[in-house]
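Subject: Structure for you to look at

Hello,

Please find the structure below. My notes on it follow.

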Amino acid sequence: MVAETDNQRTTPYEPGDAPPPPAGSILRQPRAVWAVAFASVIAFMGIGLVDPILPAISRSLEATQTQTSLLFTSYLLVTGLAMLVTSWVSSRIGAKRTLLLGLALIVVFAAAAGAGGNVESVIGFRAGWGLGNAFFISTALATIVGAASGGSSSAIVLYEASLGLGIATGPLMGGLLGSVSWRGPFFGTAVLMAVGFVTIATLLRSDTIERTAPVPLSAPFTALREPAILVLAFTALFYNIGFFALLAYTPFPLGLDEMGLGFTFFGWGLAVAVTSVFVAPVLTRRWRRTGVLWTTLLLLAADLVAAGALISSTAGLITCVVLGGLLLGVLNTVLTESVMEASDLPRPVASSSYSAIRFLGGAAAPPAASALAAALSPGAPMYAAAGSVVVAAAIVLLGRRALRRVDDGPEPVEVEAQAITLGQ
């Protein structure tokens, strides 16, 4: 048995654990933490996984662009609604069982989507995938902190790195496997998530995670009575319209093959990961969160206008997509940090209410963008998305009185990690 003090490990090493790296190393974690980190990479891959294969699905299943974009809609709609009950479920069955439930659902529905014979079935299976993802991502951070050794800070850094890796590599995996068949990314995800399920079931002990008090089912709905939560939720709703217009519509006018789209959205995902993990916390330590929000929202609106003007230029549109990713990473993290500090509500409850509203915007944007393109012009969805983001900035400015609490100062590292997670 190895005993350590202060900010170090106080529980015995598991049989088979390698000798610990030097003190303070991010690598000094038990295998359970690595299991959750691995599963987190795969879970966050699912966000951008389908981008490179949207045109291929449309061709192979003889689906319209609007129908294909519903792959995002079903996933986001169910993810958002499920966020209203995840804290209620996990507070009753425990974090490990909630994680395993989420992973099992993703395995089943990702495999089913890969086997789907028409676009309607794939859309439905993506909804089930979204349900599993909601259970997993709402619980993963608390689990990895509970299982960590040597304090939570290094485990949180590892978790944030896993999240960023998943966001960035999801589109690349989609492009690589999608170049063989559009079914490949779905089956690949199912296999990797099955590995994650086995590793967590085997390596994560339930007694390493602190049980929380039961959360009432009505708590996320009651939270919307808070003016600050409501302001931020509607800010995020209009912002997410811009986010998912950029993410889900641009694969069609880009006109690239699966690998071309994979590399494009790899750049987008890398940009989101870098600014969400590294840039957003720096900005909020130097400036007020509300100021960072409305300024970055207006910059995003300008980027979307440029994307509309450059819709026929492959190089120009790629540039706008990647630059947009830099802004999206900041906004995701700062918005969720703001939600966590906007009221005295428990953070999981506040973020559940906020997430349910914001995902409605993300769910509506992809089919609306495709319909606008068909009715007006290829650049019209980008201009409409820019207008929606300007509305989000206006809500922040007009709601500053309700948001006074969010400008109080920097977050502890664990809260920043929660914001990064739920922001994605």
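Is Glu258 buried or exposed? The model is a predicted one, and in it Glu258 has a relative accessibility of 15%. Because that value is under the 20% cut-off, Glu258 counts as buried.

Salt bridges

There are 2 salt bridges in the structure. One of them joins Glu258 to Arg59, with 3.5 Å between the closest N and O atoms. Glu258 belongs to helix α11 and Arg59 to helix α2 (residues 54–60), so this pair ties together parts that are 199 residues apart in sequence. Arg59 is exposed, its relative accessible area being 57%.

A salt bridge also links the side chains of Glu337 and Arg289, at 3.2 Å from N to O. Here Glu337 comes from helix α13 (residues 314–341) and Arg289 from helix α12 (residues 289–309), so parts 48 residues apart in sequence are tied together. Glu337 is buried, with 0% relative accessible area, and Arg289 counts as buried at 2% relative accessibility.

In general, side chains of opposite charge can pair when their charged atoms come close.

Val279

Helix α11 spans residues 258–286 and includes Val279. With a relative accessibility of 31%, Val279 counts as partly exposed. Which residues does Val279 contact, leaving aside its neighbours within four places in sequence? They are Val274 and Val330. Between the C-alpha atoms of Val279 and Leu327 the separation is 9.9 Å, and these two residues are 48 residues apart along the chain.

Regards

Methods: Residues numbered from 1 in each chain as written. Predicted model: local features only at pLDDT ≥ 70, side-chain atom pairs only at ≥ 80, totals over all residues. Heavy atoms only, no water. Helix = DSSP H or I, 4+ residues; strand = E, 2+ residues; numbered from the N terminus. Buried < 20%, exposed > 50% of the residue type's maximum accessible area, 1.4 Å probe, protein only. Contact = heavy atoms within 4.5 Å. Salt bridge = Lys/Arg side-chain N within 4 Å of Asp/Glu carboxyl O.
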